[in-house]
Amino acid sequence: MQRRHFFAAGASAVAAASVSRVAMAALPEAVQQTSAETAAPWLPPGVTGAGRPYNPVITLNGWTLPWRMNDGVKEFHLVAEPVVREMAPGFNVNMWGYNGQSPGPTIEVVEGDRVRLFVTNRLPEHTTVHWHGQRLPNGMDGVGGLNQPQIAPGKTFVYEFVARRPGTFMYHPHADEMVQMAMGMMGMWVTHPKGKHPLIAEAQRDYCFLLNAFDVEPGSATPQVNTMLDQNIWAWNSRVFPGISPLVARLGERVRVRVGNLTMTNHPVHIHGIEFEVTGTDGGPTPKTARWPEVTVDVAVGQMRQIEFIADEPGDWAMHCHKSHHTMGAMGHAVPTMIGVDHRGLVGPLQRAAPDYMVMGERGMADMGEMQMELPANTFPMMTGTGPYGAIEMGGMFTTLKVRADLKPGDYADPGDFKQPPGTQARLVEGAQAPAPVRAPANPNPPDGRARKPSGHQHGMEH
Ligand SMILES: [Cu+2]
């Protein structure tokens with residue numbers, strides 16, 4: 001908390017020194033969010049129930065930035081600033097973000113909207129905002145030095161353009177990009193179609209999140225910004241399992257998930273229990289002739305993938321990056337593999353020399369999921385999260401898709417653990433319960449160890 005106060009005090013000192021109160025008063029309110037919980041969908045004022053122009057997105061462990069309407073223009077106010085992000089309960093990281101959080105709030109508009117975005121810089125260095133994937137005038141593209149001067153600390157710039165095409169976009173700095181993105185500066189942008197669109201279906205649930213990664217040494221609290229690939233914290237919206245909210249859907253609903261990747265490696269995002277189609281990319285809606293069923297979609301660096309499925313199979317389904325090292329917590333890369341090493345005889349002497357020494361890993365690392373080992377302050381276990389049947393042995397980029405028949409439309413609350421119907425769960429087989437196997441008849445032509453071509457032509461195959 002002391003650190004948090006230090007960062008907050010530093011930030012407001014910069015702001016007070018450089019932006020006049022009068023100038024700030026004319027800007028739209030810079031709405032702040034401090035909770036890392038998933039916020040309820042944000043509906044524009046006065047637009048409720050039937051007749052609302054779109055079904056709002058749910059940002060996993062994030063929120064949607066409110067706007068004000070000014071003479072037909074939707075006005076937003078982003079504040080780039082140091083923040084403290086709770087990545088998992090008890091694990092807080094000093095990041096840079098927008099309006100109190102990393103990632104920043106989701107910007108949600110409708111195709112054809114004229115959008116005005118004020119960006120106030122409360123960072124200790126200059127920044128810009130690049131609106132990744134948007135069609136816009138060149139001077140609004142946000143590449144510092146190329147399209148505009150940098151936004152100095154304490155200054156406010158304004159961007160203005162029309163949201164010309166519907167889809168999923170991202171925003172991030174194009175100024176000291178390596179550092180600012182490694183510190184967590186990024187957010188999503190969703191532009192809904194203005195009416196019925198031949199390639200954009202009505203979805204009852206619409207989720208979005210960014211894949212992001214950090215390198216935070218266990219026991220420290222600030223990311224190492226010079227690490228290019230060996231990050232140790234693999235996150236969705238700057239959260240790690242079990243800190244990532246589940247995706248909740250009612251049986252039979254169409255679910256859309258928008259995933260952007262602002263890490264430095266690709267992430268094959270895998271969902272159990274259903275098949276989905278990629279219905280859109282950064283470039284827009286995918287033509288129907290170019291869609292096919294998938295259960296894993298690889299999201300490359302700087303890409304966005306929008307997937308859709310019908311939630312027609314009840315249960316708690318795992319959803320995770322399929323790189324198994326990305327569903328781990330802050331493991332040390334230097335830990336040697338101990339599988340097959342029997343070092344029981346060494347434990348006594350080793351513990352006399354190093355009292356904290358513990359035997360681990362010689363039968364695999366599953367024990368780590370339940371191990372109560374003392375961790376340095378401010379980190380989280382390598383594998384964590386428990387289900388109704390014990391440790392899930394996952395961390396990092398993992399959450400669940402919870403499909404329920406008894407859910408109300410628009411209810412996003414976690415429905416708890418799935419109760420499997422009797423007789424539908426894998427179970428222990430004991431002795432006589434296992435039926436005798438039916439064996440295939442013996443092969444009348446047993447292999448003689450030599451490879452043959454089906455034609456019988458043997459040239460070159462003898463050895
Ligand atoms: Cu991954």
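Strand β10 (residues 187-192) runs parallel to β5, joined by four bridges. Strands here are DSSP runs (E, at least two residues), and helices are runs of H or I with at least four, numbered from the N terminus. Two strands pair if DSSP finds at least two bridges between them. Within this pair, Ile107 stands opposite Trp189 in β10.

The model is predicted: local features need pLDDT of at least 70, side-chain atom pairs count only at pLDDT 80 or more, and totals for chains, interfaces and linings use all residues. Residues are numbered from 1 along each chain as its sequence is written.

**The open sheet**

Strands β5 and β10 belong to an open sheet of four strands, in the order β5-β10-β9-β7. Its pairing is mixed. The edges are β5 and β7 (130-132), each pairing on one side only. On average, neighbouring strands of this sheet are turned by 25 degrees against each other, direction ignored. Axes are lines fitted to C-alpha atoms, for helices over the stretch in contact, and angles run from 0 to 180 degrees between N-to-C directions.

**Pro105**

Pro105 sits in the loop between β4 (91-98) and β5 (107-110). Pro105 counts as buried because it has 25 C-beta neighbours inside 10 Å. The cut-offs are 20 or more other C-beta atoms within 10 Å for buried and 12 or fewer for exposed, with partly exposed in between; C-beta atoms are placed from the backbone. Leaving aside neighbours within four places in sequence, Pro105 is in contact with Gln33, Gly62, Trp63, Thr64, Leu65, Tyr98, Asn99 and Gly187. Contact means C-beta atoms, placed from the backbone, within 7 Å. Met188 is 83 residues from Pro105 in sequence, yet the C-alpha to C-alpha distance is 7.2 Å.

Strands of a sheet pair through backbone hydrogen bonds, either parallel or antiparallel.

Towards β4, Val84 stands opposite Asn94. Pro82 has Trp96 as its bridge partner in β4.

Two hairpins involve β3. The hairpin of β2 and β3 has two residues between the strands, and Asp71 in the turn has a positive phi of about 55 degrees. The hairpin of β3 and β4 also has two residues between its strands; there Gly90 takes a positive phi near 85 degrees.

Both β3 and β4 are largely enclosed by the rest of the structure. For β3, this is because 13 of the 16 residues are buried.

**The chain and its confidence**

The chain has four helices and 23 strands. Of its 463 residues, 38% are buried. Among contacts between residues at least 6 apart in sequence, 74% join residues at least 24 apart.

Mean pLDDT, the predictor's confidence in each residue from 0 to 100, is 84 for the chain, and 77% of residues reach 70 or more. Over residues 1-19 the pLDDT is below 50. Beyond near neighbours in sequence, that stretch has 23 contacts in the model.

Terms used:
Contact = placed C-beta atoms within 7 Å.
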